[in-house]
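Have the sequence and the model open as you read.

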Amino acid sequence: MSHDSGLDAALKTDLASIASLGLERTLRLTARRHGADVETPAGRAVDFSSNDYLGLAADPRLVAAAARAMSEQGVGSTASRLIAGNNPEHEALEGALAEFFNVERALTFSSGFLANVGTIPALVGREDVIFADSLNHASLIDGCRLSRATVHVYPHADTDILEGLLTAHRAKARRALIITDGLFSMDGDTAPLAQIAGLARRFEAWTYVDDAHGVGVVGENGRGSIAAAELEGQIEVVVGTLGKAFGGAGAFVLGSPPLIQYLLNRARSFIFSTAMLPAQAAAGRAALGVVSAEPLLREKVAANARLMRRRLCSECVNALGDETSPIVPVLIGETSRTMQIGADLAARGFLVGAVRPPTVPDGTSRLRITISAAHTDDQIARFSRTLGDLVRK
């Protein structure tokens with residue numbers, strides 16, 4: 001027979017406070033994918049909420065690669081890679097990543113969060129300074145905190161303020177690191193990477209770009225925001241993920257041989273984490289092959305993003321973000337209204353991300369619509385009409 005401990009009582013009070021603000025989170029069940037459709041307990045729904053930008057999460061080629069690796073290598077990787085978990089699939093994936101992105105080396109992590117909270121503290125510490133965009137992903141924020149470096153946050157994409165901060169604080173520190181997302185996950189816009197790289201050179205700082213939402217989707221051959229900005233070879237640390245456009249799970253850091261060897265020795269989330277499953281690595285390598293061979297997938301994502309924005313505009317719904325970005329945010333503002341519209345869309349067979357604080361700043365709750373190559377013109381048209389009706393209510 002259970003009883004409420006002091007911990008339970010305290011947590012129930014906190015949960016009630018969270019719920020009263022409309023900020024309580026719950027899990028939403030989705031199952032087998034059929035193109036852009038997913039199965040839910042209420043029936044099929046069109047998914048405009050996932051990060052499966054290229055529609056590869058259920059691709060038979062990735063499934064076959066994962067199944068082959070599982071049959072040959074087993075399920076688990078059994079340990080961290082420095083102990084007994086370094087599998088041929090991991091090394092094959094890292095070689096394929098280096099080739100795909102035209103870099104010398106790559107190092108894989110079990111998730112993007114682990115990549116960031118391991119890499120940032122490995123590179124900078126108490127004697128160093130970080131300059132970070134205000135809308136950086138939570139994993140970047142946590143990595144900065146764990147580093148114990150002094151952190152200066154500049155307003156989103158404001159390189160004038162960044163220049164002022166560098167002028168005021170760079171000389172006081174041993175090392176300086178400028179950290180930014182490439183394609184921002186909640187606003188759908190791209191960082192001013194050319195200006196940031198120029199400032200980094202001028203102030204002898206390193207640049208760190210988390211391009212989780214850009215790799216596979218934008219840039220020449222899908223090499224991401226850095227390739228799109230024609231800055232390949234000019235960014236010291238690049239982080240990407242296999243869990244979005246590439247349809248699987250896991251993440252990677254791209255860079256020079258000294259950087260990768262250093263992380264292998266100093267990134268705690270690499271050293272002390274069980275390695276990604278061999279099947280994940282095999283699926284990731286298969287995805288790289290698909291993306292390389294099928295540029296029409298990226299073109300379809302961009303075309304669908306443009307179509308969604310045109311359809312929303314015709315419904316008098318304003319969307320944020322770059323024109324061809326697969327992330328299409330619709331700012332609602334009030335948390336309760338955002339959640340209600342999200343629930344109403346789900347009841348009508350459309351899944352979207354209803355995003356509220358603390359994921360986004362207060363007063364900026366939004367619907368985060370994500371675009372996939374798997375979406376059809378008809379699905380986009382029906383969704384836009386439905387959202388337009390709900391926003392105008």
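**Salt bridges in the predicted model**

Arg68 is partly exposed, with 32% relative accessibility (buried means under 20% relative accessible area, exposed over 50%, partly exposed in between, using a 1.4 Å probe and protein chains only). This is a predicted model, in which local features need pLDDT of at least 70 and side-chain atom pairs count only at pLDDT 80 or more, while totals for chains, interfaces and linings use all residues. Residues are numbered from 1 along each chain as its sequence is written, and side-chain values use heavy atoms, leaving out hydrogens and water.

**Count**
- The model has 19 salt bridges, each a side-chain nitrogen of Lys or Arg within 4 Å of a carboxyl oxygen of Asp or Glu.

**Arg68 and Glu89**
- Arg68 pairs with Glu89 in a salt bridge whose closest N and O atoms are 3.2 Å apart.
- This pair links distant parts of the chain, 21 residues apart: Arg68 in helix α2 (residues 60–73) and Glu89 in helix α4 (residues 88–101); helices are DSSP runs of H or I, at least four residues, numbered from the N terminus.
- Glu89 is buried, at 4% relative accessibility.

**Lys300 and Asp377**
- Lys300 and Asp377 form a salt bridge at 3.9 Å, N to O.
- Lys300 lies in helix α13 (residues 296–314) and Asp377 in helix α15 (residues 377–392), so their pairing ties together parts 77 residues apart in sequence.
- Lys300 is partly exposed at 30% relative accessible area, and Asp377 is partly exposed at 44%.

Note on methods. Helices (H or I, at least four residues) and strands (E, at least two) are DSSP runs, numbered from the N terminus.
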